[in-house]
Amino acid sequence: MKVAVACDHAGFPLKQIVLEAVCAAGHEPLDFGTHSAEAVDYPDYAEKVGRAILAGEAERGIMLCGSAVGANIAANKLKGIYAGICHDTYSAHQGVEHDDMNVLCLGARIIGPEPAREIVQAFLGARFVGNDPGQERHQRRVGKVRKLEQES
């Protein structure tokens with residue numbers, strides 16, 4: 001799958017590790033910047049990731065900033081983007097499996113290279129199970145989230 005990857009200046013030190021992890025997982029990263037540690041605004045890059053997914057250029061996205069909080073807030077402002085902050089492998093795969101998360105937000109000032117690799121692997125290796133027999137509750141819950149999004 002194609003994976004949109006972007007970061008602000010605080011996420012930049014971890015971006016190359018994430019790009020390599022995407023490749024190592026057998027997927028194609030699309031690098032939407034930033035390309036240096038010069039200060040930039042995280043909403044601009046979260047938007048690039050989200051718009052790539054919404055346009056069908058990428059199936060999932062990964063956004064890095066210092067804490068992951070700003071990137072997460074910004075990404076979730078786009079209708080159809082379901083971003084989550086994950087600093088552990090369980091949240092990364094469970095967010096996809098149960099919640100249909102399509103953007104992983106990582107805090108480069110929170111985690112190091114090896115946890116980032118493992119978290120990216122867990123995120124990209126997971127699939128939404130809400131359509132599987134016996135797992136309908138996840139589809140029902142995600143449907144309620146989508147309804148909230150439509151009503152706002």
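**Exercise 1. State which elements the buried residues of α2 pack against, and determine how those residues are arranged on the helix.**

Solution. The model under study is a predicted one.

Step 1. Helix α2 covers residues 42-54, which is 13 residues. From its first C-alpha to its last it reaches 18 Å, close to the 18 Å expected at 1.5 Å a residue.

Step 2. The buried positions in α2 are Tyr45, Ala46, Val49, Gly50, Ala52 and Ile53. Viewed down the axis of α2, these buried residues fall within an arc of 160°, so they line one face of the helix.

Step 3. Just after α2, Gly56 adopts a positive phi of about 80°.**Exercise 2. Ala74 belongs to helix α3. Decide whether Ala74 is buried or exposed, and identify the residues that it touches.**

Solution. 

Step 1. The relative accessibility of Ala74 is 17%. Buried means under 20%, so Ala74 counts as buried.

Step 2. Leaving aside residues up to four places away in sequence, Ala74 touches Tyr42, Pro43 and Ala46.

Step 3. Ala46 is one of the buried residues of α2. Although Ala74 and Ala46 are 28 residues apart in sequence, their C-alpha atoms are 6.1 Å apart in space.

**Exercise 2. Describe how α1 packs on α5, giving the angle and the distance between their axes.**

Solution. 

Step 1. The axes of α1 and α5 are 9 Å apart, and the packing angle is about 40°. That makes α1 oblique to α5.

Step 2. In passing α5, α1 makes a right-handed crossing. On the α1 side, the contact is made by Leu14, Ile17, Val18, Ala21 and Val22; on the α5 side, it is made by Pro113, Ala116, Arg117, Val120 and Leu124.

Step 3. Burial in α1 involves Leu14, Lys15, Ile17, Val18, Leu19, Ala21 and Val22. These buried residues pack against β1, β2 (28-31), β3, β5 and α5.

Step 4. After α1 comes Gly26, whose phi is positive, near 90°.

**Exercise 3. Determine how α4 is oriented relative to α5, and list the residues through which the two helices meet.**

Solution. 

Step 1. Helix α4 comprises residues 89-99 and helix α5 comprises residues 113-125. Their axes come within 7 Å and cross at roughly 20°.

Step 2. Angles under 35 degrees count as roughly parallel; α4 and α5 are therefore roughly parallel to each other. The crossing of α4 past α5 is right-handed.

Step 3. Thr89, Ala92, His93 and Val96 in α4 meet Glu118, Ile119, Ala122 and Phe123 in α5.

Step 4. The buried residues of α5 are Ala116, Ile119, Val120, Ala122, Phe123 and Leu124. Their cover includes β1, α1 (12-24), β3, α4 and β5.

Step 5. With 13 residues at 1.5 Å a residue, α5 should span 18 Å; its end C-alpha atoms are 18 Å apart, which agrees.

**Exercise 4. Locate the positive phi values of Ala68 and Asp100, and the cis peptide bond between Gly33 and Thr34.**

Solution. 

Step 1. Most residues other than glycine have a negative phi, and most peptide bonds are trans.

Step 2. Ala68 has a positive phi near 85° and is placed in the loop between β3 and α3.

Step 3. Asp100 has a positive phi near 60° and is found in the loop between α4 and β5. With a relative accessible area of 25%, Asp100 is partly exposed.

Step 4. Gly33 and Thr34 are joined by a cis peptide bond, with omega about -15°. Thr34 lies in the loop between β2 and α2.

Definitions and conventions
Residues are numbered from 1 along each chain as its sequence is written. This is a predicted model: local features need pLDDT of at least 70, side-chain atom pairs count only at pLDDT 80 or more; totals for chains, interfaces and linings use all residues. Side-chain values use heavy atoms; hydrogens and water are left out. Helices (H or I, at least four residues) and strands (E, at least two) are DSSP runs, numbered from the N terminus. The expected span of a helix is 1.5 Å times one less than its number of residues. Buried means under 20% relative accessible area, exposed over 50%, partly exposed in between (1.4 Å probe, protein chains only). The arc is that of the directions from the helix axis to the C-beta atoms. Contact means heavy atoms within 4.5 Å. Axes are lines fitted to C-alpha atoms, for helices over the stretch in contact, and angles run from 0 to 180 degrees between N-to-C directions. Angles under 35 degrees count as roughly parallel, over 145 as roughly antiparallel, 65 to 115 as roughly perpendicular and the rest as oblique. A crossing is left-handed if the near helix is turned anticlockwise from the far one by less than a right angle, and right-handed if clockwise.
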